[in-house]
Amino acid sequence: MDAGRRIIGVAGWKGSGKTTLVTRLLPVLTGRGFAVSTVKHAHDGFEVDFPGKDSHRHRAAGAVESVVSSATRWALVHELRGRREPALDELIARMSPVDLLIVEGFKRLPHAKIEVHRPALGHPLLAAGDPAVIAIASDGPLEDAGRPVLDLDAPEAVADFICDHLGLRAAERGAA
């Protein structure tokens with residue numbers, strides 16, 4: 001993992017609430033003045049545009065990369081066309097520096113991560129076999145978790161934990 005970046009993962013089983021937690025953390029962290037970016041692992045076949053859009057037509061016609069740009073945003077879409085999926089480090093290397101990068105998914109990789117766990121779903125804890133899980137955000141009590149258990153419904157407290165763990169301080173805002 002990129003040693004020069006502050007990275008925290010949010011991992012868990014499908015349907016556990018990873019995206020919900022990330023979307024609740026983002027306004028808390030950016031409200032504190034930090035520049036935050038995200039990387040999300042998706043399953044095969046996701047689309048960022050749709051048939052009929054010019055960018056989609058470019059990709060369908062064979063372009064390896066297409067950039068779409070406007071006055072408010074730009075996006076780069078890279079078609080793998082049978083090549084391997086880039087490693088997380090390769091994806092991160094292509095991103096602009098920020099104060100914090102939140103990685104959603106990539107649960108089997110060794111970066112520090114917070115596990116999102118809902119006991120009612122009946123899934124085993126990832127933390128049981130993953131020393132990179134530094135805390136568990138849960139909507140219920142957990143016995144013998146072996147690491148801090150955070151309230152899944154308290155994004156301020158989860159943000160505090162992340163800032164403390166990574167040494168993010170208000171004086172460093174915008175330092176990236």
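Which residues have the most contacts inside the largest nonpolar core? They are Ile8, Leu21, Leu29, Leu100, Ile102, Ile114 and Ile162, in a core of 25 residues.

## Basis

This is a predicted model, in which local features need pLDDT of at least 70 and side-chain atom pairs count only at pLDDT 80 or more, while totals for chains, interfaces and linings use all residues. Residues are numbered from 1 along each chain as its sequence is written, and side-chain values use heavy atoms, with hydrogens and water left out.

## Overall fold

The protein has 4 helices and 8 strands, following the pattern β-α-β-α-β-β-α-β-β-β-β-α along the sequence. Helices (H or I, at least four residues) and strands (E, at least two) are DSSP runs, numbered from the N terminus. The C-alpha atoms fill a box of roughly 55 × 40 × 25 Å along the principal axes.

Of the 176 residues, 38% are buried, that is, under 20% relative accessible area with a 1.4 Å probe and protein chains only; exposed means over 50%, and partly exposed lies in between. Among contacts (heavy atoms within 4.5 Å) with a separation of 6 or more, 55% are between residues 24 or more positions apart.

## Nonpolar cores

A nonpolar core is a set of buried Ala, Val, Leu, Ile, Met, Phe, Trp, Tyr and Cys residues joined through side-chain atoms within 4.5 Å. The largest has 25 residues. At least two residues of this core come from each of β1 (7–11), α1 (18–31), β5 (100–104), β6 (113–117), β7 (133–138) and α4 (155–166). Helix α4 gives the most, with 6 residues.

Leu21 is in contact with Val10, Val116, Ala137, Leu152 and Val158, leaving aside neighbours within four places in sequence. A second, separate core of 7 residues includes Ile7, Leu88, Leu101 and Val103.

A hairpin of 4 residues joins β3 to β4, and Val68 has Ala75 in β4 as its bridge partner.

His56 is found in helix α2 (residues 54–60). His56 counts as buried because its relative accessibility is 17%. Not counting residues up to four places away in sequence, His56 touches Glu47, Asp49, Phe50 and Pro51.

## Pockets and cavity

On a 1 Å grid over the protein atoms alone, a cavity is a set of points where a 1.4 Å probe fits but cannot get out; a pocket is an open set with protein on both sides within 12 Å along at least five of seven lines, and lining residues have an atom within 4 Å of a point. Grid points are joined across faces, edges and corners, and a volume is the space filled by probe spheres set on the points.

The largest pocket holds about 1300 Å³ of space. Its lining has 26 residues, with Phe46, Leu76, Val77, His78 and Leu91 nearest its centre. Strands β2 (36–40) and β4 (74–78) each supply at least two lining residues, and β4 has the largest share, 5 residues. By class the lining has 13 nonpolar (Ala, Val, Leu, Ile, Met, Phe, Trp, Tyr, Cys and Pro), 7 charged (Asp, Glu, Lys and Arg) and 6 polar residues (the others, Gly among them).

The second largest pocket holds about 400 Å³ and is lined by 16 residues, of which Gly12, Lys18, His41, His43 and Gly105 lie nearest its centre. The structure also holds 1 cavity of 30 Å³ or more, lined by Trp13, Ser16, Val116, His117, Arg118, Leu121 and His123.

How values were computed. Pairing = 2+ DSSP bridges.
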